[in-house]
Amino acid sequence: MDRHQGPADPAAGPVAGQGTLPGTGGFGYPVDRDHWDEMVAPDGVLRPHWEAFMSGLTALPAEDMAARWERAQRLILENGVTYNVYSDPRGLDRPWPLDPVPLILSDGEWDDLEQGLVQRATLLDLILADLYGSRTLLAEGLLPPSLILSHPGFLRPLSGIVPAGGIHLHFYAAALARSPDGGWRVVSDRGEAPSGAGYALENRTIIARTLPEMLRHRPVEPLTPFFQKMRETLQGLSPRNRDIPRIVLLSPGPYNESFFEHAYLARFLGYTLVEAEDLTVRDERVFLKTLEGLQPVDVILRRTDGPFCDPLELLGESTLGVAGLVQAVRRGTVAVANNLGSGLLESGVMAPFLPALCRRLLDQDLKLPSVPTSWCGDPGERERLRDDLDDLVIKRAHPGRSGADPLFGDMLSAARRDALMAAIGRAPHAFLAQQRLRLSTAPVWTSGRLDPRVLMLRAFVTAHGHGYVAMPGGLTRIAADRDGKIVSMQAGGGSKDTWVLAGDPGRKASARRTVQPPAKLVRGAHDLPSRVADNLFWFGRYVERTEETARLLRSVMSRVGDAAGFGASSELPAALALMGHIHRVPPNAPPEAAAMMIARKSFDASQALGLKANAERVHRMAAMARDRLSLDTWRAVNRLHDELAHVTLDDEPAAEDLVSLLNGVVLACEALNGLAMENMTRGLAWRFVDIGRRLERGLHAIDILANVLPSVGHAGSPALDVLLEVSDSSMTYRSRYLSSPQFAPVLDLLLADESNPRSLAFQNAALGQHMDQVALARRTAFLGPDQRLTVWLTGAVRTADIDILGRADDDGGRRNLATFLEVLRSKLWELSETLTREYFTHAVSRRPGGGTAREPMP
């Protein structure tokens, strides 16, 4: 979401000629009469379409409003609504900034806006069709060839290609600003991969739960019918199967600023979220790489910029594209929305010429004008540039070039003005000059008061039938503070829900829904990309690893200081020994000092095997596969992340506090495991989550058994009590053996008992069942390497003689058992590597810079 212009004259004063309105808790609303205010007319009176909302808002006690908004903020965090801010030192995944007070538009005003948006989308589609076809507009001089043909969004390999349905622009967004005279103007057109519609829908969902009675005062146009029409349009583009087409949403990946929206829309529309490595072109057709083989793709809803979509015919260094995609589009075997090459509309290059183009192509006057914009390639416009620079915003005509941020003329020093004019003189065709508007303001809720912020409205349009329809609303963006000059999410701005009041109060939202044809019954899905399976596999492993680490650390801290029960402190060395495969401490350190050393390492995010690092990996893997996880699962992931995110052990913490914290971590992991078991459909996605869990739990069982061997002699040891506690098997043992723990029964329970869900045998049996089901896609009667390994593991444990393995050597050691455990461990790791080789080989991780690298999974 790009940076746009703000108020033109900061010297006018922040609240010139201000008035105030009474409100919640007695707040006042300062009105700047030099700006158009969306809520208040110049005479200080509420605009009529705001009266019902403000009547309800002023009736709310301040405490009630504060509590509601606190719940809304919590809902944003729980739902994982995020926006990636690249320059934020706090990293990616910043919580989505939303203001509770919507922007409200009357039905009459929206009708005029909608007509203008539909006309503009129609016009831009015709322009694209001409420029990639006959290029009559260039020949007639209505568009300058030097501006169009040098634009990086003009993709020459797409020339002459007629897209599916003859539509180039399936989705369009316009950044709108209201001028001081009350008229709306288009600041920029978005035709590449317009973002924000998903955020607009999520804004409505959150505000509807926060202020439900406000929506009941007057009917507000719903947003979901827009997405239904969007779905129908995409379905109609399919060149192969229009009943159940395979539609995918192509995303640049989790480092993109709007990745949350990509996952959100994919889940809402029911499409498969893919990245470039999930697709391949064979015989001029696009296929999805799935665990069950290559599946043909009919329609691609892209969120990747056009030049990056095909490294073969477009940008050769791109790692975000699919080699051969342009040829598949050329042959008509796949439809891409928006069509490749629609990025030509970006950066406002068409704005100076649209009035004439509208008269030429539609024989109409342009209903929704642009902000006055001139092209610096015109000598007459360039002559006036220096004199008018204080009132202008200078933009690059070509997006994505270095120094592409808009430059506000009145904010430039004399040296920078001279440098800018020199740059324009060298390449005048590369610059646009746009009049700087004094943007309208709208109220935002801040610190219990209403305060004005400048705003811009991003409106959305989708092709439908033989024309276009507009979303009744949109994504309103606001500046970060009252004096803000830039409306940009990357610059710290916020957002609002946008309400369009329905013209007929008695009309029900359900009556406006599109009637859907009867659905064909389908069971099962065959669209799990290998990359997603890889992420889900490691998601399951990291959840299990986090839980097991928390259990081990809890067993240590519950035997320290005041947290230790009667006799428990004597078991502390044994508890420390069980964590030997995770953290090592100096051999001569006192037990309680060693315990605190381990605790600090566990809560240190830089420690790769620590508790905090594993919880971070759970969150990362969930984010990369979030279109496959339910909202409840995502909330549980966030809860686990929040349990540990702010924990530091700079001071000496009380052991009791750490035990309480670890209890919460264990419960959060158990909640995740329960959601996976009870809520996930028993398809391949669930299987790979559970395969990861079972493999990790099996390795953990082997590790803790191996760690306890040195401390268990002929007669047993207190370490066996700790071992049973960590394995959550104390109750089972005591119900079977009315005696203190002995080694052979404990070994049988944790190694070979298939009825114990914590035993290695249980994990082997579950892994064997999963491997058999996953292998069905191979359609062969022969066992695969993964199946052979699970058969070996299951047989080895089932046929093991526990009495012999548990028998101590003359010196108290158990070398046969140690060797056996080491062989089992190597076989489980071999199974992990086999799964990677058989199912995940093409899955690679992306780095923010766009390069690719296989990332080792610790």
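Me: At what angle do helix α20 and helix α24 pack, and how far apart are their axes?

Reply: This is a predicted model. Helix α20 (residues 684-708) packs against helix α24 (residues 760-774) at an angle of about 150°, and their axes are 9 Å apart. Angles over 145 degrees count as roughly antiparallel, so α20 is roughly antiparallel to α24. The crossing of α20 and α24 is left-handed.

Me: Which residues of α20 and α24 make the contact?

Reply: On the α20 side they include Trp-686, Phe-688, Ile-691, Leu-695 and Ile-702. On the α24 side, Phe-762, Ala-766, Leu-767 and Met-771 are among them. By class, the contact of α20 with α24 divides into 13 nonpolar, four polar and four charged residues.

Me: How are helix α14 and helix α21 placed: what is the angle at which their axes cross?

Reply: The axes of α14 (residues 530-557) and α21 (residues 719-726) cross at roughly 140° and come within 9 Å. Arg-551, Leu-552 and Ser-555 of α14 meet Val-722, Glu-725 and Val-726 of α21. These residues divide into three nonpolar, one polar and two charged.

Me: Turning to strands, is β21 buried or exposed?

Reply: A residue counts as buried under 20% relative accessible area. In strand β21 (residues 494-500), seven of the seven residues are buried, so the strand is largely enclosed by the rest of the structure.

Me: Which strands pair with β21, and in what sense?

Reply: Strand β3 (residues 98-105) runs parallel to β21 and is joined to it by five bridges. Strand β20 (residues 475-478) pairs with β21 in the antiparallel sense over three bridges. Here Thr-476 has Lys-496 of β21 as its bridge partner.

Me: What is the order of the strands in the open sheet of three?

Reply: The order is β8-β9-β10, with antiparallel pairing. An edge strand pairs on one side only, and here the edges are β8 (279-282) and β10 (293-296). Neighbouring strands of this sheet are turned by 45° against each other on average, direction ignored.

Me: How many bridges link β9 and β10?

Reply: Strand β9 (residues 285-290) pairs with β10 over four bridges, in the antiparallel sense. As an example to locate, Thr-290 has Gly-293 in β10 as its bridge partner.

Key: Residues numbered from 1 in each chain as written. Predicted model: local features only at pLDDT ≥ 70, side-chain atom pairs only at ≥ 80, totals over all residues. Heavy atoms only, no water. Pairing = 2+ DSSP bridges. Helix = DSSP H or I, 4+ residues; strand = E, 2+ residues; numbered from the N terminus. Axes fitted to C-alpha atoms, helices over the stretch in contact; angles between N-to-C directions. Buried < 20%, exposed > 50% of the residue type's maximum accessible area, 1.4 Å probe, protein only. Parallel < 35°, antiparallel > 145°, perpendicular 65-115°, else oblique. Left-handed = near helix turned anticlockwise from the far one by under 90°. Contact = heavy atoms within 4.5 Å. Nonpolar A, V, L, I, M, F, W, Y, C, P; charged D, E, K, R; others polar.
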